[in-house]
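Me: I would like to learn how to read side-chain features in a protein structure. Could we go through one together, slowly?

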Amino acid sequence: MRVCVVGTGYVGLTTGVSLAFLGHQVTCVDWDQNKVDMLAGGHCPIYEPGMDELLAEAAGNLTFTTSYAEAVPGADVVFVAVQTPSAADGSPDLRYLRAAAESVAQSLDHTFTVVVNKSTVPIGSGNWVDAILRDSFAQRTDRPAGCEFAVASNPEFLREGNAIHDTLFPDRIVIGSDNPRSLEVLNQLYRPIINQTFTAPSFSPRPDDIAAVPLVSTDLASAELIKYAANAFLALKISYVNEIGQLASKVGADITEVARGIGLDQRIGSRFLQPGVGWGGSCFGKDTAALIATAGEYNYDMPIVQAARDVNQRQRAIAVERLQDELRILKGRKIGLLGIAFKPNTDDLRDSPALDIAQLLLARGARVKLHDPVAADRFQREHPDLAPCLSETLDGLFDDCDAVVLVTEWAQYLELDWSKFVGLMRTPILLDGRHVLDADRMARLGYKYLAIAG
Ligand code: UGA
């Protein structure tokens, strides 16, 4: 099938490259000429394991352009995957979505085209995009006769750092539209994934336990709500384990054991029960805020979702309190933070716990150093205020440090030769912000091991 993808950010690029890999003819359109040139030259502008390889494998089916007129005509499906940044009140800023919908409408031809919202957009946006498309189309003087189009929602569930795996081997595919023909087109588009008929790329092998991928084919509003409800549930699962973790500290229980003990109940499930400094990234914070904002439009409170957000914010402050309890005085102390990205395998710094923890420590007079194996350059570009705190080397971070906090559980840190660094520290306090290090081993190596929770 012929596919156009508008926006080559995380979601758009992964969607476009994966669909091209599956054999569809894909044109990605982005207004950023530099990005388009880079991608056309086979270079991926984002850090995502496997993406360069997939880009190379899919190259024959993939074109990049800045022109809607080249990308949209003839497309069976147009995915709109533009950014929807948060406005000041927490609601998503939809100006890019509007601009994209207007541009798509200008280039539609007589092919039946399904215009798919792939960005995470507020509930009701499908209808809103439909109205924009129809208005913009009606204003055209060169309207092609017989042009037909319909709007659908196809939310994305991929995790950064696992984008290719999550796209090719998803737990489910959700498509929503009030137009049955659109659902049929999307069903056909995703057949290779639904039936798992493609040859898996060598760098992302097919999991042993995957059978046919369930397809949830539903109405527009339900598909839109599924996305928010899924992210909010995952966010509150993490906040729940973190809330229990603080109680575990008080009663003398081991949160890792508690999480294992509850996670083995299949009704609860073991994933997203990893305690620590909490969630960050571009999705959970933004989506929980947007869900609450949408509910507000209906005069409806969402105290559970709000509590998940509050607990998450509190976890960052708790990291600082743990250090203060131990060091008593934070002023003048040197604290090293291992990891700046919001999670491993990405250089994404949005809403990263490390940034808040650094700011809280600086506000209390501590001297802060941050290290990241991948996100250091981006950190310097995007956070010039904190850039002087960057430590390029681990030696520089540990040297004369009063405490080190593991904030992002990069494999490099888990495999570190910890024995080499302990002697560099002024006081060998190690706060494991992710509950991933072996406490006994760290103690044997001479660290005073602390965790966020009991
Ligand atoms: C999340 C969802 O997992 C995806 O399904 C969804 O498609 C995506 O948002 C989105 O809406 O686009 P992502 O933000 O990439 O994906 O990252 P996750 O792997 O979900 O991690 C989010 C945060 O939670 C990270 O900071 C991670 O460190 C933290 N986390 C995760 C925990 O603190 N504990 C856990 O047990 C799991």
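The dialogue below takes up aromatic rings, then a lysine, then charges over rings.

Reply: Before we start, note that this is a predicted model, in which local features need pLDDT of at least 70 and side-chain atom pairs count only at pLDDT 80 or more, while totals for chains, interfaces and linings use all residues. Residues are numbered from 1 along each chain as its sequence is written, and side-chain values use heavy atoms, with hydrogens and water left out.

Me: How many aromatic pairs does a search of the whole structure find?

Reply: A pair of aromatic rings is described by the distance of the centres and the angle of the planes. Rings of Phe, Tyr and Trp (its six-membered ring) pair if their centres lie within 6.5 Å, and planes under 30 degrees apart count as stacked, over 60 as edge-to-face and the rest as tilted. The search finds nine such pairs. One of them joins Phe398 and Trp418, edge-to-face, with 6.0 Å from centre to centre and 80° between the planes. Phe398 belongs to helix α16 (residues 394–398) and Trp418 to helix α18 (residues 418–422), 20 residues apart; helices here are DSSP runs of H or I, at least four residues long, numbered from the N terminus.

Me: Which ring is stacked with that of Phe398?

Reply: The ring of Phe421 is, because the two centres are 4.6 Å apart and the planes meet at 25°. Ring pairs link Phe398, Trp418, Phe421 and Tyr447 into a cluster.

Me: Is Phe398 buried or exposed?

Reply: Buried means under 20% relative accessible area and exposed over 50%, with partly exposed in between (1.4 Å probe, protein chains only). Phe398 has a relative accessible area of 0%, so Phe398 is buried, and Phe421 is buried as well.

Me: What does the side chain of Lys343 reach?

Reply: Lys343, which is buried, has no salt bridge, a term for a side-chain nitrogen of Lys or Arg within 4 Å of a carboxyl oxygen of Asp or Glu. The nearest side chain of opposite charge, Glu160, is 6.1 Å away, but the side chain of Lys343 reaches the backbone oxygen of Glu160 at 2.5 Å.

Me: Where does Arg181 lie?

Reply: A charge sits over a ring if NZ of Lys or CZ of Arg is within 6 Å of the ring centre and within 35 degrees of the ring normal. Arg181 lies over the face of Phe112, 3.9 Å from the ring centre, and the charged end of Arg206 sits over the ring of Phe198, 4.7 Å from its centre.

Notes. Lys, Arg positive; Asp, Glu negative; His and termini not counted. Polar contact = N/O pair within 3.5 Å; in protein donor to acceptor, adjacent residues only side chain to side chain. Helix = DSSP H or I, 4+ residues; strand = E, 2+ residues; numbered from the N terminus.
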